Amino acid sequence: MNAGAAIALVALLIGWSLVAGRLERLDVTGPILFVAAGLALANGPWALIDVSVETSAVHTLAEITLALLLFSDAARINPQDLRHSAGLPIRLLAIGLPLTLAFGFGLAAFLFTDLPWELAALLGAVLAPTDAALSASVVSDTALPQSIRRSLNVESGLNDGIATPVVTALIASAAVVIGVGVLEDTASTHGIGAVVDLIGGAAIGAIAGYLGGFALTRARDHQWIDPGGGRIVALMLSVMAFLVAEAAGVNYFVAAFVAGVAFRTGIGHDDDEVTELPELLGQVLALAVWFVFGAGLLWQGLELIDWRIAVYGVLSLTVVRMVPVAISMMGAGYGRPAIAFIGWFGPRGLASVVFGLLIIEELPADDQRVQTVLATIVFTVLLSVVAHGITARPLTAWMRGHSSTDEGTDGTPIRNRSPFGHRT
């Protein structure tokens, strides 16, 4: 990203912060605006800036952004409450996610007959994880049942980490099939390595988060800490969990999410102020990633769209997501409105963008089959940004009308959040 692109991004961030409340009441969300701005400013004969996604810096930015958001979302979860109602998140992760992977693979194999099965499976895996940041108004609306909000939050926090070893293993397999050769680092995370990946990330996150929360509490008790120091501690803990897990070669997305849960356990109570900085920074960086997505990926993806890509994107957000969710929730005691609501609010966002950038790094982007996969990812994410962005507010209001009053107004720790992450 050159100086002109940086100036444009900063100007957009300033402008958005001034009018975000007004625009979001019109169902114009931050991701929608920043994707559109990136597309308009960096593409076509009128392009004013130059943004390239084929750099490790962009990939790292997207990964750190996702880690910050995972940490801050997890830090709002009360572990004691979660233990009493873990059934639905477990169902969504243990049943819904594998079925979504399988449905996505099957649909890709049916529509894209020219793709080897490795690339078809890769497409399904990349678009399986959900992103609660795209439906923050849903997750943070205390008028909704606590179990629904918590389940969507936990699901989105863990499913991208669970999908990571699947994605990396399939990238390695695809590299061999299309003639790139063996990718040793990527291929190492399959089979038993994938289990080690997840356990190692969870262990690092649990240790870093709990010790950090405990140390912060002790420092406060002895009045050693300056005002605002807790925010820095929380921010650095989220970064620490990410960096240590990355250095150890284990799943850093799981590490970041578990660190947030463990940090909340370590401090022993809800603390909006202390988690404000990682949440705010994550929200700002997320808008930057959406700007880069619109500037560097969207134009090329849109040029390749055909009927197969369009059909896949629509079905990925509906049938491929909603049917597995409905199956996983069978017998759980939820009515059809709740099942439909949870099934729909599985937006594809930052995790899919991160995986797409990894594909660009590892596989030849000039290969037509790889281009098809990337174009499908880009179109599906774009469709999700728009569709979930404009439906979040009206469908949340609809769901409130189908929720029992004793479920929805429980004063839970997940609070309303402003467009830049500050909880109110």
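Predicted model: local features only at pLDDT ≥ 70, side-chain atom pairs only at ≥ 80, totals over all residues.
Me: Start with α3 and α8. At what angle do their axes cross?
Reply: Roughly 145 degrees. The axes of α3 (residues 56–74) and α8 (residues 146–177) come within 10 Å.

Me: Left-handed or right-handed?
Reply: The crossing of α3 and α8 is left-handed.

Me: Which residues make the contact?
Reply: From α3, L66, L70 and D73. From α8, N153, S156, G157 and D160.

Me: How do those residues divide into nonpolar, polar and charged?
Reply: The contact of α3 with α8 has two nonpolar residues, three polar and two charged.

Me: New topic: H388. Which helix is it in?
Reply: H388 sits in α18, which spans residues 368–401.

Me: Buried or exposed?
Reply: H388 has a relative accessible area of 0%, so it counts as buried. The cut-off for buried is under 20%.

Me: What does its side chain have a polar contact with?
Reply: The side chain of S384, at 2.8 Å.

Me: And what is H388 in contact with, leaving aside neighbours within four places in sequence?
Reply: L134, L317, W344, F345, G346, P347 and L383.

Me: Now Q223. Where is that?
Reply: Q223 is in the loop between α10 (192–221) and α11 (229–248).

Me: What about its phi?
Reply: Positive, at about 55 degrees, although Q223 is not a glycine. Most residues other than glycine have a negative phi.

Me: Is Q223 buried or exposed?
Reply: Exposed, because its relative accessibility is 72% and the cut-off is over 50%.

Notes:
Residues numbered from 1 in each chain as written. Heavy atoms only, no water. Axes fitted to C-alpha atoms, helices over the stretch in contact; angles between N-to-C directions. Helix = DSSP H or I, 4+ residues; strand = E, 2+ residues; numbered from the N terminus. Left-handed = near helix turned anticlockwise from the far one by under 90°. Contact = heavy atoms within 4.5 Å. Nonpolar A, V, L, I, M, F, W, Y, C, P; charged D, E, K, R; others polar. Buried < 20%, exposed > 50% of the residue type's maximum accessible area, 1.4 Å probe, protein only. Polar contact = N/O pair within 3.5 Å; in protein donor to acceptor, adjacent residues only side chain to side chain.
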